[in-house]
Structures are given as structure tokens and as C-alpha cells.
Amino acid sequence: QGDTATENITDAPHYLAEALLKNGVKHMYGVVGIPVTDFARIAQGMGIRYIGMRHEEDAVNAAAAEGFLTGRPAVALTVSAPGFLNGVGALLEATTNGFPVIMIGGSSTRHVVDMKEGEYEGLDQMNYAKPFTKESFRLDKIEDVPLAVARAVRIASSGRPGAVYLDFPDGTVGQTMPKDQAEAQLWTPVDPNPAMPPAQASIDKALELLAGAKHPLMLIGKGASMAQAEDEVREFVKATDIPFQPMSMAKGLVPDDDPHSTAACRGLALRTADVVLLVGARLNWMLSFGQGKTWNPDVKFIQIDIDPNEIDNARPIACPVVGDIKSAMTMLNEGLAKTPFKASAEWLQMLQADTAKNDAKFAPKESSDTVPMGHYNALGAIKKVYDRHPDMILTNEGANSLDDCRNIIDIYQPRHRLDCGTWGVMGCATGYAIGAAVTTGKQVLYIGGDSGFGFDGMEVETACRYNLPITFVVLNNGGIYRGDFENLGKDGDPSPLTLTYDAHYEKMIEAFGGTGYYATTPQEVEDMVEKAVSSGKPSFVHVQLADYAGKESGHIGNLNPKPVVGPL
Ligand code: ADP
Ligand code: MG
């Protein structure tokens, strides 16, 4: 009799799951509780793969990784107030990085929250989410489900991608609607991320500037990875011989071992280039705002970006090219017939000579068998393994573990590296690893420092529970930056930077059924990481470094203000 009463109606959780499925959402990463527990069960039952995470920040990061890898938003799910707030930081990270993601937050009874009666986990979540997202909507009634999902998908994935928040209050969870009516109202947006070609005049001007340059350089950012513009970018390099500098998440768009790469002679390339073609990279702190000693004082920038607000963000841009990268690069390639341009052999040779010099300087550090290890020889050993498995997706966080890994481990395919991103945040890369493994099914290699890993390390349990092909590598030097800072207190407590040096992080995964390894020499690192990644199973390699390995603040010590009077 229950069946006849419900057979012609749907309820909000079913309807929302159906709308998400219709819109191509395949995965939901979340932490359940009141009022969305049944929603997660229902979505799973209807065919969305649900990945239960251990923290909402990691859930959002996993979904955002999927957005970066596919260009389509996945969903992160949270409970009300505290769960919601745990996810919000990562929502803003995703928006800052330009990754599409949708977070659905269950929330408490609207009118009780609005009257401040003291509701269980009562928070005006839709409004709290606004400054942290591209848009924030509330599902006040079941009839709004199709509209909310269609708008969320389009807004998250078009223009500069980013995060959208959908608030799902408990009052709506219980609402119903006739099934046939619900069915008839569902829709999927036509072309949620349409091409937006730039003006032809801006392309013509760009090519004229490049053709007149003595030292042209292409600077490729993660926007080009998001745009999936690898074919167009590779074609341009091939046709013009233009040298390129990859930003960290653009590595692999053109393989790192391409002779046009300036990754190993970055300083010289940026200092000397007179016309720079920015392809989906912002002139933010990572590029010294396009100013100062990093750059040739006479440099002119051509900037391809989908977001006109980005142009002139910190300095004048000689040639804005506002539009999507795939279209812009296609038009640049086509324009070469009319305005031919080729980088000179002298310019390339000058850069390649500097690369060879730098490679020769660093090679002995990377292949050294000094023990206890430092970041260079530990990562040099891991590089050998990565080169044998170049289809692995690398996720990376830390200070020195980030900076040195970015320089040492070459990437050969697009969208195979995810890291701390535009903000340099910690606590992102285990979530990224889960998202990358679920999205692609490929082997994932996580590399983090002991501090960076600590922010989101509980996700090793998630990796084991879903039997994901992730190898976690933690480079342990016993602290934030390093482990040998002196305790300046009178109490015998460790320094504010110190973490446990005599640790066995690999035991964490053993607690959940994964395989752990403990490596103290470069040879052990190579053998154990090889074994771990070849297993295709959740695995963990603790790499024991010296406590004096690494620099305070890694490669960005210049951002660390020094107090005038000093620490004591
Ligand atoms: P990186 O950190 O690698 O330098 P940024 O995140 O700073 O990269 O810059 C990426 C830029 O790419 C952003 O300004 C963003 O607006 C832009 N972008 C993202 N997707 C596209 C696209 N499809 N077409 C054009 N620009 C894009
Ligand atoms: Mg450390």
C-alpha cells in the first residue's frame, strides 16, 4: 500500500540525483550526516559513484581535481554548518585556481535559522558561500531542482571556471512532486562551456608583435591545461620554434623533455624575453606581477585569457587576446600563413646552453647516494620510477617537497600534475589524489612533505576503503620546512616548526590494510616506490630525510618577512 502511495511521485533527493546524472555528473565526494545521509544513499543507488571522504575540504578538493582533469564539475557533499564551513575554504581555492566544482550542502530549517531561534547547526549557508564561489543558490522548492543544476553546471564550467554552491535545506529534502511533471521539467544546458573566440584583430596584432621579437617566449599556465589545448599549443611550438616556460600545472602540455622547454633556465628566459605570449597564466605573485628584476625591463606581454578582468591586473598588457585558449591558439596557428614567424636559432641555443649548464650542476645532487637523504637525491630516485611510468598522475604538496619535485620530476602528458596551485595551499594533494584516481582510474603518485601531508593525511583510509591505485610518498624531515630548528622557549617544548622526526608514516596505511615501506637510502626509495606503484594498490613509502634537509619557506623565502629585532 506504501508503493501505491509513492509510485507516481518523486522526492527532492531522487530528483536532485536524477538531475545531476542527466547533467553528466558521475561522481560525488562527501561526508554524510543530517540532513543529506539519504541523499547520498539514493544518489549511489541511482548510479552516481559516491566516495565517502574523511574531511569536507578533501571532498571538495577531490571534486575540484575531477573538474581540472575533465573540464566538467563533479559534486562535493557536506552536512550543515561545520561540515559546510570545512568545505568552504576549498571552494574558494577551486575558484581561485579556476577549477569547476559544485558543492551541495545540506542545511537546517530555514525559518528557524532566519529567526535565530537556536537551530541545530543553524547557519545562513547560501549567503556565507557567496564570497567564496562564482555563485551560490538555494533550493527552496523541489521545482527548482532542474534550474539549480543546469545553472550550477554552466556557471562552474564556463568562462573562468570555478565553484558553485547549492544549498539543500532539510525542508526541501522532504518535498515531493508528481513524477511525470518532474520528468518533463528536467533539462541539460546546451553547450555549457561554449567556444569564445577572440577578435581576429587581436590575433593579428599578437603575431606582428611575435614576428618583430628578438627573444619571443610562450608562458603556458594551467588555464591552457583546463582548456585542453595541448594539440594547438604543440602545433604552435612546432611551427614557430618558440621556447616555452610551463607553469607547474601546465607541465606536460608540451612534454618537459622537449628541447623548447625553458623550465631549467627559467631565470634567463624571463630576464631576456622581449615579447611574452601568456597562454592561460596570470601575472600574479608567481610571476613577480610581470615586474622587477625577474623580467626584461622592455618586455611586452600578449595575454590570452578568457576573463577580461584579468588583463592589466598589475602592469600594462601590450596585446590583450580575450577569448578561449583553444580558439585563440587555433587562430594563431592559422594566422602564421599570413604573418610567418620563427624564433631564431641563436635564441634557442642560448637557452639550451643555459639548460645544459644548470642540468650539469644539479645532476650530481639528484644522483648522490648521500645518507641521510635530502630532497634532491630522494626525488632523483623517484624521478627514475616516474620516467618508467609516465602515465601516472602526480599530486604534490609541501614547501621543499613541492618546489624541488616540480623541478626534478618531468611530466610528459597534459593534466598529469596537480599541486598547491595559485595560493600555495597545504592540505590539497591527498584530496586531489583521490579525485584523480576515481576520475581516471590511472595510477596516482602523491608526493608530500611530512607537514603538508599532515593536513589531509586521513584520506589514506579513503584510498584503502575504495582500493584506489594511489601510492603516497611522504618526505619526512621532521618539521615545517625542516626539523632542526632550535626550541627558543623555556619549557623544553619543541620549536613551533618541529614535527615528529622519528616517525613511521607508512604505518598509517598498514592500519587500513594497505602496504607500507620505509626507505632510508636512494636505492631503497627507487625500489620501494617502484614496487608500490607497480602493485596498483593503496601503498605508502615513508622516505626518511635528514632533519636539516630543506630551506625555510622553500623557494619563496623572499615572501617571509624578517622581524627587525629578530626572533629572540
Ligand atoms: P598558472 O598558475 O598556471 O600560471 P593561472 O591560474 O594563474 O595559471 O592562470 C590561468 C588563467 O587561465 C586564468 O586567468 C583563467 O581565467 C584562464 N583560463 C582558464 N580557462 C581558460 C580557457 N578555456 N580559455 C582562456 N583562458 C582560460
Ligand atoms: Mg617537513
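This tour moves through a predicted model, one selection at a time.

**The helix pair α2 and α3**

Select residues 12–22, which form helix α2, together with residues 37–46, which form helix α3. Two packed helices are described by the angle between their axes and the distance between the axes. For this pair the angle is about 45° and the axes are 9 Å apart. Helices α2 and α3 are therefore oblique to each other.

Next, display the side chains where the two helices meet. On the α2 side, select P13, H14, L16, A17, E18 and L21. Their partners in α3 are D38, F39, I42, A43 and M46. Taken by class, the residues of this contact comprise eight nonpolar, one polar and two charged.

The peptide bond joining I34 and P35 is cis, with omega about 5°. P35 belongs to the loop that runs between strand β2 (27–30) and helix α3. Most residues other than glycine have a negative phi, and most peptide bonds are trans.

Now select V371 and P372. Here too the peptide bond is cis, and omega is near -5°. To place P372, display helix α16 (345–367) and helix α17 (375–388); P372 lies in the loop between them.

**A positive phi at S288**

Move to S288, a residue other than glycine whose phi is positive, near 50°. S288 is found in the loop between strands β11 (275–279) and β12 (300–305).

**The surroundings of ligand 1**

Select ligand 1 and then the residues around it. The shell consists of 23 residues, of which G221, G223, A227, M247 and R282 are the closest. Which helix gives the most to this shell? Select residues 222–226: this is helix α12, and it contributes three residues.

**The annotated span 408–543**

Finally, select residues 408–543. An unreviewed UniProt entry annotates this span as "domain: Thiamine pyrophosphate enzyme TPP-binding". Colour the span by secondary structure: 32% of it is helix and 19% is strand. A distance drawn between the C-alpha atoms at the two ends of the span comes to 16 Å.

How values were computed
Residues are numbered from 1 along each chain as its sequence is written. Chains are lettered from A and ligands numbered from 1 in the order in which they are written. This is a predicted model: local features need pLDDT of at least 70, side-chain atom pairs count only at pLDDT 80 or more; totals for chains, interfaces and linings use all residues. Axes are lines fitted to C-alpha atoms, for helices over the stretch in contact, and angles run from 0 to 180 degrees between N-to-C directions. Helices (H or I, at least four residues) and strands (E, at least two) are DSSP runs, numbered from the N terminus. Angles under 35 degrees count as roughly parallel, over 145 as roughly antiparallel, 65 to 115 as roughly perpendicular and the rest as oblique. Two residues are in contact if their C-beta atoms, placed from the backbone, lie within 7 Å. Ala, Val, Leu, Ile, Met, Phe, Trp, Tyr, Cys and Pro count as nonpolar, Asp, Glu, Lys and Arg as charged, and the others, Gly among them, as polar. A residue is near a molecule or strand if its C-beta atom, placed from the backbone, lies within 6 Å of it. UniProt positions are given in the numbering used here, feature names are shortened, and annotations may be inferred rather than shown by experiment.
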